[in-house]
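Hi,

Here is the structure I promised to pass on. Please have a look at it first, and then read my notes below.

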Amino acid sequence: MWSSLESIVKPKTIAEALEFRQTAGARFLAGGSYLVSEQDPMVTTLIDLNGLLETDVREEAAALVFGAGLTLQSLVEFQWDTPGVILAEAARYSVSSKNIRNQRTLGGEIARMRTDSELCVLFHALRGVLHITGKAGSIKTSLEDWDGNGILTHIEISRKTLEHSALERYALLPSAPAFMIVCGAKSTHGFNFCTGGRARNYWTETCAEKAFKGEAIRNFSEAASEQFESDRYGTRAYKKMLLKIAFDRLREKL
Amino acid sequence: MLSVSNTDYFDLELTVNGTPVRRRIPTHLRLLDFLREELGLTGTKEVCGEGECGACTVLLDGLTVDACLIFAVETHGMEITTIEGLSRNGNLTPLQQAFIDHHSVQCGFCIPGMILSGEQMLRDHEQLTREEIRQDLSGNICRCTGYQKIVDAIESVSRDRR
């Protein structure tokens, strides 16, 4: 029993949902299965967005646009051509339970901004564009720039960037949550990188394709390792070494 | 607009194991509590209560979900299958029989969830490898069997229908 919960509202439109969000103690519920298990005592109202968000993937020009209501299991089962397989892989790694993947949505996963989510790290590297609807209307913004306000309705990525992307992860077991995730993608601006896992924050960087070697890789490993601490998964020096190995592998793959 | 609170009640309509159900329920009732307490379907088990173990697995519109992480009001208009809804006229499904034949049950607490996950994967895939079975069972934890005999049972049903 969630003792602080007073009401569950089901708005008919995004505008109504935004109106409800102004209420103190209100939180959006849309594939955020963690909300129910955490039972945050500060939450008094849940705004059920299920049914308001699109659940499909569509191609627009050179981009893939994902509805925020798409479940993670849909990403796993989607009939991807080769480049999309990395999304299925990232979704499976992000949440190992199929039951939870049937419930959790891409929007819920992105909105939570977990550093230990392979999907979030990958979308950072892909420089995903978020479509946000707020009180002032709809805007497009990057993952890094989104302040968490408004409702995430779509996530857009470049198809070409997706075709040249790669993921490296380190975990105690293949099915265990990764303590280090390193993603890279090749875009028109050069190589984009993002690291996550059991880290204080994401680390992101972009560099020219030709510059991504030797010293740059050593510098990236050093910089990214600052987001990690010595813990039961290993010392910071060990993680710095793993980062270098991951960047070297990404260089081969990209 | 649907707006309900815990001082009010919600008139829930859904289909459970093929039977239409209407109940007036408190809005913040979890699906798990609704099934167990309101409908008496205690085959759906509660263990962790936070989506880790899968003992409360049910089929919601044909997909496996953890009933402990869903509010009953979210299932309005939907179709739920619990372990009680699988057998017909007292006849076990081939998978239920396979669990018996392969001695896949020890304490039995996880088994309703295991069987429902197995039923979904058998329905969704023509053939299943042991690796695919293990991957799809990733949301169901068993602390007794070591999983081998559970995988054996699901694999046998997949193999027998070739």
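How much area do domain 1 of chain A and domain 2 of chain A bury between them, and what share of it is on carbon and sulfur atoms? The two domains bury about 960 Å² between them, with 62% of it on carbon and sulfur atoms. Buried area here is the accessible area (1.4 Å probe) that two parts lose on being put together, summed over both.

Before the rest, a word on conventions. This is a predicted model, in which local features need pLDDT of at least 70 and side-chain atom pairs count only at pLDDT 80 or more, while totals for chains, interfaces and linings use all residues. Residues are numbered from 1 along each chain as its sequence is written, chains are lettered from A and ligands numbered from 1 in the order in which they are written, and side-chain values use heavy atoms, with hydrogens and water left out.

**Domains of chain A**

Chain A is divided into domain 1 (7-48), domain 2 (57-161) and domain 3 (162-253); such bounds come from an automatic or database domain assignment. Taken over C-alpha atoms, the centres of domain 1 and domain 2 of chain A are 20 Å apart. Eleven residues of domain 1 of chain A are in contact with twelve residues of domain 2 of chain A, contact meaning heavy atoms within 4.5 Å.

One salt bridge is counted between these two domains (a side-chain nitrogen of Lys or Arg within 4 Å of a carboxyl oxygen of Asp or Glu). A:Glu19 forms a salt bridge with A:Lys135, with the closest N and O atoms 3.0 Å apart. On the side of domain 1 of chain A that touches domain 2 of chain A, the elements giving two or more residues are α1 (14-21) and α2 (33-38) of chain A. The largest share of that side, four residues, comes from α1(A). Helices (H or I, at least four residues) and strands (E, at least two) are DSSP runs, numbered from the N terminus.

**Chain A against chain B**

Here 27 residues of chain A are in contact with 29 residues of chain B. The two chains bury about 2400 Å² between them, 53% of it on carbon and sulfur atoms. In chain A, the residues that lose the most area to chain B are A:Ile8, A:Lys98 and A:Asn99, together 26% of what that side buries.

The rule finds one salt bridge across the interface of chain A and chain B. A:Lys98 forms a salt bridge with B:Asp136, and the closest N and O atoms are 3.1 Å apart. Among the elements that give two or more residues to the side of chain A that touches chain B are β1 (7-10), β3 (45-48) and α5 (98-103) of chain A. The largest share of that side, five residues, comes from α5(A).

B:Cys56 is in no disulfide, and the nearest cysteine sulfur, that of B:Cys68, is 3.7 Å away. B:Cys107 is in no disulfide either; the nearest cysteine sulfur is that of B:Cys144, 3.8 Å away. B:Cys56 is buried, at 4% relative accessible area, whereas B:Cys107 is exposed, at 56%. Buried means under 20% relative accessible area, exposed over 50%, and partly exposed in between (1.4 Å probe, protein chains only).

**A:Glu168**

A:Glu168 is found in strand β9 (residues 165-170) of chain A and is buried, with a relative accessible area of 7%. Not counting residues up to four places away in sequence, A:Glu168 touches residues including A:Met180, A:Ile181, A:Val182 and A:Arg249.

Best wishes

Key. Disulfide = S-S within 2.5 Å.
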